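Trainee: Hi! Could we walk through this model together, a bit at a time?

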Amino acid sequence: MKLIDPNITGHLPLLTLSYFNNKKELNSFYNRSNELKNYRDQIEEKHKNFNNKSRNILSQVLIEQYQSISDNNVQLSLIDDLSKSNTFTVTTGHQLNLFTGPLYFFYKIIDTIKICEDLRSKFPKNNFIPIYWMASEDHDFEEINFFKTAKKQFNWKVKTKGKVGDLNTEKLSEVFQEMSNFFDKENINVQKMISFFESSYLKNKNLSTATLHLVHKIFGKHGLVILNPDNKNLKKLMIDVFIDEIKESTCFDVVSKTNARLTEFFKGKIKPLVNPRSINLFYIKNNLRSRIEKNDLVYNVLESEISFTQDEIINEIRNYPERFSPNVLIRPLYQETILPNLAYVGGGSEIAYWLQLKEYFDKKNTTFPVLSIRSSVLLINKKHSNSLKKMNLNIEHFFKKNENLLKFYTNKFSKNKIDFTTLKTTLSDNFKQLYEVVKLTDFSFTGSVNAQEKKQKNGLDNLEIRLLKAEKKKNKEKLDKIISIKRELFPYNSFQEREINFSEFFQYYGDEFIDLIMKNTDPFDPSFVVIEL
């Protein structure tokens, strides 16, 4: 295992990287940093600020959702604990990606489980439950309808404009057949993996229930509780927030001010990831999930003929709260309203938009959770590890862009370092002196000096490129090998964790794959982890 500083990996947005680096400019944009010692105060604040009446509603909803799970004893016991005032949750949320989608889904859940384990040791008088919040109401189907191995992409060929959680899983029998033909069916790990797919997707009618079954099969033994928030009784707890959104546009007003502050503090270098709308709700009905927009005194549901007056839409919220779905900015408030939650585990982009919400939470008198940047992992097998050692290569350098990677190793392999940075600096210094002479002698010569400077700098650039090209040619075999390794470690020209599905590794390592991730990641240290398999 090797830890790499996120400042050199390039995997985090600048705003999240600033949070990681404890930039003082960000202090007012979050509640507490993700350090174990800070959870004592977080527990006390959440305990005081949480409406315990919602615990029984939450418990009842979860009990109903777990009725379709046969081996649910662990979860039912944990759900029973939720009715107690000394029970708290740590949550991660994710889309219902086909067969869990990219690897980072696993890393988010594993971090969530491990934070709870550490909290139980630190605060034994309390109960802590890891929660996976299913994004069952999303409608971005094209983001979730596939998964990839290193050599193949599996696609689910259906269409929808409504909630992905309601999608019928019937056509997934085609994907199941593709998997059966692609993977080695004699492999016991493959047999287990394919049985996961079959028992989850082919024996349940919709994507939400199928995902519940699949994630439970993988992580149920670790005490993970899975919540589908698309529920009328849970949304009743949000009626006042939904009505406020219609009447007052509070989210728009508050988050817009936060975004302006972020932009000001970082002098335009950081742009807020999400911009609020005047109404941050979707309307759901008859396989439609579409935004609500106000025009004059009428509230229109886009992509439909549905419209309301203000009184009508408020009555609709009171009578049918399940027909209203929060967008990316109000969903976090929904989560923290219904859960006795302490922390949220998210990826770089998620943490970035959560940092836009602290003032909105304050306005709604809701405790803002601790933000935990999920673990990022690069898995390398022994073949790659041996290649790196044999060629004396450093894995940190593989996070560079290909052009910079090749330039770095060309200079390393070359007897002559092809880097004219020092020469260019000297040239710039010399021309600064020339400009001073021109100013004192005849200012009209400034243009000529400027042209000469550009000419000489271009000459150095061109010479550097040509010499570097010649050195690359001498070391072509080594450099080709480096790029070959880079392609395998960063498939599809991206981070492994954002592209490759767990099946790529589960087929070889089975449950040991999950145990290895559990052993080598630390949710309180968001360094990029390189793990040798």
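**A walk through the model**

Mentor: Happy to! Leaving out residues up to four places away in sequence, Thr 521 touches Ile 110, Asp 111, Lys 114, Ser 375 and Val 377, where a contact means heavy atoms within 4.5 Å. Before we go on, this is a predicted model, in which local features need pLDDT of at least 70 and side-chain atom pairs count only at pLDDT 80 or more, while totals for chains, interfaces and linings use all residues. Residues are numbered from 1 along each chain as its sequence is written, and side-chain values use heavy atoms, with hydrogens and water left out.

Trainee: Okay, so where does Thr 521 lie?

Mentor: Thr 521 is in the loop between helix 24 (511–520) and strand 15. Helices (H or I, at least four residues) and strands (E, at least two) are DSSP runs, numbered from the N terminus.

Trainee: And is Thr 521 buried or exposed?

Mentor: Buried, because its relative accessibility is 5%. The cut-offs are under 20% relative accessible area for buried, over 50% for exposed, and partly exposed in between, using a 1.4 Å probe and protein chains only. A polar atom of the Thr 521 side chain also lies 2.7 Å from the backbone oxygen of Ile 517.

Trainee: You mentioned Val 377. Which residue stands opposite Val 377?

Mentor: Val 529 in strand 15 does. Strand 14 and strand 15 (residues 528–532) pair in the parallel sense over five bridges, and pairing here needs at least two DSSP bridges between two strands.

Trainee: How many residues of strand 14 are buried?

Mentor: Five of the five residues in strand 14 (residues 376–380), so the rest of the structure largely encloses it. Ser 376, Leu 378 and Ile 380 point one way, Val 377 and Leu 379 point the other way, and all are buried. In a regular strand, side chains alternate between the two faces of the sheet.

Trainee: Switching to helices! Which residues are buried in helix 7?

Mentor: Leu 172, Val 175, Phe 176, Met 179 and Ser 180. They are on the same side of helix 7, because they cover an arc of only 140 degrees around the axis; the arc is that of the directions from the helix axis to the C-beta atoms. An α-helix has 3.6 residues a turn, so residues three or four places apart point the same way.

Trainee: What do the buried residues of helix 7 pack against?

Mentor: Strand 4, strand 5 (153–155) and helix 8. In helix 8, the buried residues include Val 190, Met 193, Phe 196 and Phe 197. Their cover includes strand 4 (146–148), helix 7 (172–182), helix 9 (207–219) and helix 23 (503–509).

Trainee: Last one: what is the order of the five-strand open sheet?

Mentor: The order is 10-9-8-7-11, with antiparallel pairing. Strand 10 (307–308) and strand 11 (324–326) stand at the edges with a single partner strand each, so one side of each has no neighbour in the sheet. Asn 286 sits in the loop between strand 7 and strand 8, and Asn 286 has a phi near 50 degrees, which is positive in a residue other than glycine. Asn 286 is exposed, with a relative accessible area of 70%.

Methods:
A polar contact is a pair of N or O atoms within 3.5 Å; within protein, one must be able to donate a hydrogen and the other to accept it, and residues adjacent in sequence count only if both atoms are side-chain atoms.
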